[in-house]
There are 2 protein chains.
Amino acid sequence: MTNAPAPRLPEAGNVTRKSGKSCVILLSGGLDSTTCLAWARAQGFTCHTLAVDYGQRHRIELDAARRVAEAQGVRDHRVVSVDLRAIGGSSLTSDVAVPRHRDEAAMAAAIPSTYVPARNSVFLSVALGLAETLGATDLVAGMNVLDYSGYPDCRPEFVRAFEALAGVATRAGVEGARFAVHTPLMQLDKAGIIRLGVALGVDYALTHSCYDPSPAGLACGACDSCRLRANGFREAGVPDPTRYATPV
Amino acid sequence: MTNAPAPRLPEAGNVTRKSGKSCVILLSGGLDSTTCLAWARAQGFTCHTLAVDYGQRHRIELDAARRVAEAQGVRDHRVVSVDLRAIGGSSLTSDVAVPRHRDEAAMAAAIPSTYVPARNSVFLSVALGLAETLGATDLVAGMNVLDYSGYPDCRPEFVRAFEALAGVATRAGVEGARFAVHTPLMQLDKAGIIRLGVALGVDYALTHSCYDPSPAGLACGACDSCRLRANGFREAGVPDPTRYATPV
């Protein structure tokens with residue numbers, strides 16, 4: 001179905017094959033985090049997935065996360081509620097409209113209203129708490145710097161700062177453990193992520209990306225997330241299984 | 001009512017008088033965070049308080065936080081729900097018994113079961129999100145290193161690591177803002193905190209510290225938090241307004 005070359009698997013830093021070692025994966029149910037999960041399984045990790053119900057308008061992604069976790073046979077899947085609506089500041093957690101029909105230049109020009117203040121700090125902190133409970137020191141998350149909307153907490157410097165925090169924030173860190181936040185997608189664009197996922201056997205039909213889905217769960221086809229997703233499939237030469245309300 | 005000398009007010013780092021500058025204060029409703037709020041008001045900050053409903057067995061502290069916020073006339077008070085029960089790992093968020101009747105040596109010997117994995121990372125991250133929404137760059141939190149139970153995320157190195165994270169995690173940080181996490185109680189023991197609060201006019205009868213209160217809201221008098229509180233009042237020479245179920 002695809003002409004894409006089989007990509008080289010990104011390495012997990014100093015991790016080679018982690019037979020049975022537990023890791024915690026932030027799984028939103030979207031394309032990126034689903035690919036991360038497949039990557040972590042391929043690395044040999046025992047996978048514990050964590051979805052966050054943060055009052056996002058696209059709560060439907062939580063169903064996708066559950067489907068993906070089940071399809072990939074994770075050890076366990078949890079949903080943690082964090083009510084970020086109480087702090088506001090984002091079109092994803094308030095009644096502000098999600099931007100639509102923006103081209104790549106517009107997406108790149110400024111941090112958009114879909115930025116959720118401190119979201120990845122909150123999510124990684126919850127993942128860190130779960131890791132500590134499980135005795136794990138490896139976290140996996142789908143941030144990527146190339147192909148997204150300029151969110152500050154998707155950059156390598158953020159990830160390094162969080163690793164430093166984890167080392168001093170936890171009982172395990174005090175006892176000498178080193179925490180690693182693996183971001184295997186960091187340097188990939190959306191097409192590259194899709195090629196990686198296809199090589200790892202990901203079924204993207206199970207995933208959900210749209211920020212502003214219809215009540216019936218159709219992707220809007222107009223928000224940044226839909227456009228990046230559709231362009232990614234196109235560039236990767238992979239059929240897009242997404243059901244869009246309007247053609248992208 | 002007290003013979004305690006008026007303490008010197010801890011300085012807010014490079015902050016002197018912040019007339020009207022907004023700050024976000026983590027307010028649990030306990031003795032420490034209530035003192036922090038009084039300190040922040042004395043510094044001239046406009047105070048936005050944030051309590052976290054994290055599934056703690058002593059949820060009654062949320063009522064105390066509301067009372068304290070009202071009594072001290074904050075700009076606004078919010079409660080954010082973060083379901084840390086879903087990750088477990090602590091006697092404060094599970095059915096594991098809270099330790100009782102431990103002396104100071106026992107408290108100091110090891111990180112106790114009341115430690116909630118990554119709690120302060122989660123709480124400060126939520127506070128950071130609120131700060132970003134408000135356009136604030138000052139956070140205030142009640143950690144202190146001397147008189148507590150060896151929680152790793154109450155230490156100065158944790159606070160510094162979080163400030164570094166905040167600088168790279170946020171839109172404001174990317175645009176050059178410097179975030180500060182003020183911890184005015186860091187080097188004070190419980191008696192010193194109480195003396196500071198009394199000097200600032202805090203009504204400690206409004207606060208709640210007990211980890212394991214009775215259904216009627218009485219403090220147990222036996223958990224670490226009750227014992228530290230009671231000893232603090234005794235050492236400070238200040239009458240303890242707490243209603244204990246059993247004498248401490």
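1. Helices (H or I, at least four residues) and strands (E, at least two) are DSSP runs, numbered from the N terminus. Helix α1 of chain B, residues 31-42, is the place of B:C36. The structure is a predicted model, in which local features need pLDDT of at least 70 and side-chain atom pairs count only at pLDDT 80 or more, while totals for chains, interfaces and linings use all residues. Residues are numbered from 1 along each chain as its sequence is written, and chains are lettered from A and ligands numbered from 1 in the order in which they are written.

2. The surroundings of B:C36 may be described next. A residue is buried if 20 or more other C-beta atoms lie within 10 Å of its own, exposed if 12 or fewer, and partly exposed in between, with C-beta atoms placed from the backbone. B:C36 counts as buried because it has 30 C-beta neighbours inside 10 Å. Two residues are in contact if their C-beta atoms, placed from the backbone, lie within 7 Å. Leaving aside neighbours within four places in sequence, the contacts of B:C36 are B:I25, B:V140, B:A141, B:G142, B:P184 and B:L185. From B:C36 to B:L188 the separation is 152 residues in sequence and 12 Å in space, C-alpha to C-alpha.

3. The contact between the two chains takes 40 residues from chain A and 40 residues from chain B. On the side of chain B that touches chain A, at least two residues each come from β3 (76-81), α4 (119-134), α5 and α6 (171-174) of chain B. The most is given by α4(B), with 10 residues. By residue type, this side of chain B divides into 23 nonpolar, 10 polar and 7 charged. Here Ala, Val, Leu, Ile, Met, Phe, Trp, Tyr, Cys and Pro count as nonpolar, Asp, Glu, Lys and Arg as charged, and the others, Gly among them, as polar.

4. Two packed helices are described by the angle between their axes and the distance between the axes. Axes are lines fitted to C-alpha atoms, for helices over the stretch in contact, and angles run from 0 to 180 degrees between N-to-C directions. The axes of α4(A) and α4(B) come within 8 Å and cross at roughly 170 degrees. The two helices, α4(A) and α4(B), are therefore roughly antiparallel to each other; angles under 35 degrees count as roughly parallel, over 145 as roughly antiparallel, 65 to 115 as roughly perpendicular and the rest as oblique. A:S121, A:V122, A:S125, A:V126, A:L128 and A:G129 of α4(A) make the contact with B:S121, B:V122, B:S125, B:V126, B:L128 and B:G129 of α4(B). These residues divide into 6 nonpolar, 6 polar and no charged.

5. The crossing of α5(A) past α5(B) is left-handed, a term used if the near helix is turned anticlockwise from the far one by less than a right angle, with right-handed used if clockwise. Residues in the contact include A:F158, A:F162 and A:L165 of α5(A) and B:F158, B:F162 and B:L165 of α5(B). The contact of α5(A) with α5(B) divides into 14 nonpolar, no polar and 2 charged residues.

6. Within chain A, the axes of helix α1 (residues 31-42) and α7(A) come within 9 Å and cross at roughly 40 degrees. That angle makes α1(A) oblique to α7(A), and their crossing is left-handed. From α1(A), the residues A:L31, A:D32, A:T34, A:T35 and A:A38 meet A:I193, A:L196 and A:G197 in α7(A). The contact of α1(A) with α7(A) divides into 4 nonpolar, 3 polar and 1 charged residues.

7. The backbone at residue 118 deserves attention. Most residues other than glycine have a negative phi, and most peptide bonds are trans. A:A118 is not a glycine, yet has a positive phi of about 60 degrees; A:A118 lies in the loop between α3 (104-109) and α4 (119-134) of chain A. In chain B, the phi of B:A118 is also positive, near 60 degrees. A:A118 counts as buried, with 29 C-beta neighbours inside 10 Å, and B:A118 counts as buried with 29 such neighbours.
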